[in-house]
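Biologist: I would like to learn how to read a structure like this one, feature by feature. Could you take me through it slowly?

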Amino acid sequence: MSLAFDEYGRPFIIIREQERKSRVKGIEAVKASIMAAKSVARTLRSSLGPKGMDKMLQSPDGDVTITNDGATILEMMEVENQIGKLMVELSKSQDHEIGDGTTGVVVLAGALLDHAEALLDMGMHPLRIAEGYEMACKVATENLDKIKTRFDFSKEDIEPLVKVCMTTLSSKVVGRLKRPMAEICVKAVLAVADLERRDVNLDLIKVEGKVGGKMEDTRLVEGIVIDKEFSHPQMPKQLKDVKVAILTCPFEPPKPKTKHKVDIDTVEKFEALRDAEKAYFTDMVQRCKDSGAELVICQWGFDDEANHLLMHQNLPAVRWVGGVEIELLAMATGARIVPRFQELTADKLGFAGSVKEVGFGTTKDRMLVIEGCPNLKAVTIFVRGGNRMVLDEIKRSLHDAICVARNLVRDNAIVYGGGAAEVSCGLAVEEAADKVTGVEHYAMRAFADALSAVPLALAENSGLPPIESLTAIKKRQLEESNPYLGIDCNDTGTNDMREQGVFETVLGKKQQLFLATQVCKMILKIDDVIKPSEFD
């Protein structure tokens, strides 16, 4: 852009390539934004709930992903439109903060914008709509506080946590095994949780997988599984009560930093060089033995000669163990990470009750399982599945359940699922709207209607008549003042979500309402869109 002056000396701005840009202003801009957001929400709508459908996504390099996790679908969809990208960010922020409810938050935002469009057609100002939405959001979150119930749990009584995790898993690929899977996730979270501080470090829970076997073979390892094997095939495959040394220095002779060249013109010189190398290796292995180590885990690789010496000295070793895994191993075994052989002493060793190499099927696939660690602060969920796609989807499902269990440790308040909380909040907002004078009244009503989108989508995806199901639930909630009634997606014959055991965390529900309302406000405030035209 540059500044120019006309013949009277008045400045004006020349915007380069102005003719190539397209521009939408005013109400048209708002409607174009709403249109884009709605189309993204419509994509996800069919994958909501226990009977929701999966999406198959193909990346540019041909990898196929099959999932019904909202955040994953949007992340892989490669949305071009800028407003569509806002919806992608919306599901990401729900995923980062809560870990579950990524589909629901986008469906809710789409419904809020859909109802805002009708209000815009009535001539209502976008900001007044946004203000009405914020008022309604406040009423809805206050209502959640009224209808919530608290779940008391302890390390001995984990049933309440398991029930909530089962709700999360019922809409995933692991739905038929939701009970054992939920138990695995809860045990993993409680193993690393600090219940006094109400905090869980999710970095200590590793989800590792191996193709082959069936879903039922998934298990919780109270320790660490690493995708490595012992460095020499003749090393023992099982070790009991071992002292572990963790090294970040390679079993190699030192190399000068500068470029170097060695001229060897006689056999004696070659022999001397080889002896020097051997002496280096012998010294390194001896230092490990002297410290009392019975298993060496190294971040780098080692020479074949070093490997041979380690085997002869009866010192099992594992090489090429990644940085994150080394940190987890150090936490679990209580070992110190040693950067130089000279610093290796007995007090820097860790301890493991059992280290064994596990083989799978008829393949050469092997993994190391390290259990019986003194600081049982790191655990691994070891997943099995029929193929790579199933395995990835199980991992994503378990991640959601782990996040839900983590949220319950932080705040053990829950509301009931199946659209029950949304219907209850919708009724509360309608009631509050009657007391509001001014045009915000219409926006609050629209918010209440938009909340119905979640139970409607649940009914639709479960093959029930959506409007009849929703009306029946609303009527019963009003008559019985019972906020636990929701859509009977699994066709169990009862609408009471307490009996069905369908729960959701209050943290997740509140976050959905806040995020959806904020994104709507942001989209409604856009009244001028300048973008480069698609055709030059």
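What follows is a conversation about domains, cores, helices, sheets and a few backbone angles.

Modeller: Before anything else, please keep in mind that this is a predicted model.

Biologist: Which domains does the assignment give, and what separates their centres?

Modeller: The domain assignment gives domain 1, made of residues 21-150 + 416-532, and domain 2, which covers 223-375. The centres of domain 1 and domain 2, taken over C-alpha atoms, are separated by 54 Å.

Biologist: How many residues are in the largest nonpolar core, and which have the most contacts inside it?

Modeller: The largest nonpolar core has 90 residues, and Leu 247, Phe 251 and Val 355 are those with the most contacts inside it. This core takes at least three residues from each of domain 1 and domain 2. Apart from it lies another core, of 60 residues, which includes Val 40, Leu 57, Ala 140 and Leu 451.

Biologist: Which residues does Leu 247 touch?

Modeller: Leaving aside residues up to four places away in sequence, Leu 247 touches Cys 288, Val 296, Ile 297, Cys 298, Gln 299, Ile 326, Val 338, Phe 341 and Leu 344.

Biologist: How should I read the strands around Val 355?

Modeller: The general idea is that strands of a sheet pair through backbone hydrogen bonds, either parallel or antiparallel. In this structure, strand β16 (residues 350-359) is joined to β17 by six bridges, and the two run antiparallel. Val 355 stands opposite Ile 370 in β17, while Glu 357 has Leu 368 of β17 as its bridge partner. Strand β12 (residues 238-247) also pairs with β16 in the antiparallel sense, over six bridges, and there Leu 239 has Val 355 as its bridge partner. Strand β17 (residues 366-371) is in turn joined by four bridges to strand β11 (residues 223-226), again antiparallel, with Val 225 partnered by Val 369.

Biologist: How do I check the length of a helix, and what can I learn from its buried residues?

Modeller: Helix α1 (residues 26-45) has 20 residues, which at 1.5 Å a residue should span 28 Å, and its end C-alpha atoms are 29 Å apart, which agrees. As for its faces, an α-helix has 3.6 residues a turn, so residues three or four places apart point the same way. The buried residues of α1 include Ala 29, Val 30, Ser 33, Ile 34, Ala 37, Val 40, Ala 41 and Leu 44.

Biologist: Which residues of α9 are buried, and what covers them?

Modeller: In helix α9 (residues 304-312), the buried residues are Ala 306, Asn 307, Leu 309, Leu 310 and Met 311. The elements covering them include α8 (267-291) and β14 (317-318).

Biologist: Where does Asn 314 lie, and is it buried or exposed?

Modeller: Asn 314 lies in the loop between α9 and β14, and it is exposed, with a relative accessible area of 63%. Asn 314 has a positive phi of about 55° although it is not a glycine.

Biologist: What about Glu 78?

Modeller: Glu 78, which is not a glycine, has a positive phi of about 55°, and its place is in the loop between α2 (70-76) and α3 (82-97). At 51% relative accessibility Glu 78 counts as exposed, because the term applies over 50%.

Notes. Residues are numbered from 1 along each chain as its sequence is written. This is a predicted model: local features need pLDDT of at least 70, side-chain atom pairs count only at pLDDT 80 or more; totals for chains, interfaces and linings use all residues. Side-chain values use heavy atoms; hydrogens and water are left out. Buried means under 20% relative accessible area, exposed over 50%, partly exposed in between (1.4 Å probe, protein chains only). Contact means heavy atoms within 4.5 Å. A nonpolar core is a set of buried Ala, Val, Leu, Ile, Met, Phe, Trp, Tyr and Cys residues joined through side-chain atoms within 4.5 Å. Domain bounds come from an automatic or database domain assignment. The expected span of a helix is 1.5 Å times one less than its number of residues. Two strands pair if DSSP finds at least two bridges between them.
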